[in-house]
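Please keep the sequence and the coordinates in view while reading.

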Amino acid sequence: MSTVRRRLRGAAKAAAVTGAVGVAGIGYASVIERNWFRLRRYEIPLLPPGSPRLRLLHLADAHLTPGRRLLLDWIRGLDSYEPDLVVNTGDSLAHERAVEPFIDALGPLLDRPGVFVHGSNDLFSPQFKNPARYLWRNSHEDYDKRKSPDLPWRELSAAMTESGWLDLNNHAERFKAGGVDVAAAGIHDSHIKLDRYSRVAGPADPGADLRLGVMHSPEPTNLDRFVADGYQLLLAGHTHGGQLCLPFFGTLVTNCGIDRRRARGLHRYGSAWLHVSAGLGTSPTAPVRFCCRPEASLLDLVACEG
Ligand SMILES: [Fe+2]
């Protein structure tokens, strides 16, 4: 065999191996890891001494489209953990027919105390774009030219509020959950400039057992405002934890102002605790996850030692 033919055959083999690895990787990220849900659990000591434990379930970024049966079944099973409070930080929808199956999957969770805010994807349907573009471009630029929401966010809000959940989009509420007195404030999505912190601004009541700040996107400007007003626990989603992560490096991009290190999980943010959920779903235009499994989180809030 001539040298040229040997080299051509070697190059063809290398290309075939590279292609097979690429196909396997995409298959893993889009079929296996995207449906490999996990429940993260944390215990956070921030309630006044003597308070009962408050179990909080944090849901985020379901991005629901028709046919996500595995995702819906997994959400349906979360009620078995018996949370005292459910917090949905938005991006529940990604399709005009997603409200009914999402509400159906929440099921008995809607009978528990709950609060919610919306994300951009509850208002605007996904538009196809190069899936790799998120590596170099913040997606808020995609919304600047789109004026009118085209997804049924009003129906989503109505279904949750009719069940008793509280709408915290630029709104504050005081309520009891699991025997704990909660002062909660939330804002709409800063990613599409619908956040109006001024409507909830002011010191949170220090007499409340828990001062809770809720938002879709963990934008530092707003996190700083919540901390300055005395909120102790800040919950957000939006980042998807990066969605495509690298082993030993982690999150590549956060799609907002939060740093990569705090793009998912529980961290300190000034005097507060910040929990950012990596979320349950993916954008339909980039239906892959790698080193960043879809998740919900169970936060057990317990009393500080006296
Ligand atoms: Fe999202």
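**From domains to strands**

The C-alpha centres of domain 1 and domain 2 lie 39 Å apart. Domain 1 covers residues 1–35 and domain 2 covers residues 39–303, with bounds that come from an automatic or database domain assignment. Six residues from domain 1 and eight residues from domain 2 form the contact, where two residues are in contact if their C-beta atoms, placed from the backbone, lie within 7 Å. On the side of domain 1 that touches domain 2, two residues are nonpolar, two polar and two charged. For these classes, Ala, Val, Leu, Ile, Met, Phe, Trp, Tyr, Cys and Pro count as nonpolar, Asp, Glu, Lys and Arg as charged, and the others, Gly among them, as polar.

The model is a predicted one, in which local features need pLDDT of at least 70 and side-chain atom pairs count only at pLDDT 80 or more, while totals for chains, interfaces and linings use all residues. Residues are numbered from 1 along each chain as its sequence is written.

Taken as a whole, the C-alpha atoms of the chain fill a box of roughly 85 × 45 × 35 Å along the principal axes. The radius of gyration of the chain is 21 Å, which agrees with the value near 19 Å that a compact globule of 306 residues would have; the radius is taken over C-alpha atoms, and the globule rule is 2.2 Å times the number of residues to the power 0.38. Of the 306 residues, 44% count as buried. A residue is buried if 20 or more other C-beta atoms lie within 10 Å of its own, exposed if 12 or fewer, and partly exposed in between, with C-beta atoms placed from the backbone. Among contacts between residues at least 6 apart in sequence, 77% join residues at least 24 apart.

The secondary structure comprises six helices and 14 strands; helices (H or I, at least four residues) and strands (E, at least two) are DSSP runs, numbered from the N terminus. Strands of a sheet pair through backbone hydrogen bonds, either parallel or antiparallel. Here two strands pair if DSSP finds at least two bridges between them.

How many residues of strand 2 are buried? In strand 2 (residues 54–59), six of the six residues are buried, so the strand is largely enclosed by the rest of the structure. L54, L56 and H58 point one way, and R55, L57 and L59 point the other way. Strand 2 pairs with strand 14 in the antiparallel sense over five bridges, and H58 stands opposite S297 there. With strand 3 (residues 85–88), strand 2 pairs in the parallel sense over four bridges, and L57 stands opposite V86. The chain passes from strand 2 through helix 2 to strand 3 in a right-handed β-α-β crossover; right-handed means that, with the strands pointing away from the viewer, the path from the first strand over the helix to the second runs clockwise.

Helix 3 (residues 99–106) has V99, P101, F102, A105 and L106 buried. The buried residues of helix 3 pack against helix 2 (69–76) and helix 5 (153–162). Just after helix 3, G107 takes a positive phi of about 45°.

Strand 8 (residues 210–214) pairs with strand 9 in the parallel sense over three bridges, and V214 has L235 as its bridge partner. Together with helix 6 (residues 220–228), strand 8 and strand 9 make a right-handed β-α-β unit. Strand 9 also runs parallel to strand 13 (residues 272–276), to which four bridges join it; L233 stands opposite W273.

A184 lies in strand 7 (residues 180–186) and counts as buried because it has 26 C-beta neighbours inside 10 Å. Leaving aside neighbours within four places in sequence, A184 is in contact with V115, L168, A172, E173, L212 and V214. A184 and G10 are 174 residues apart in sequence and 63 Å apart in space, C-alpha to C-alpha.
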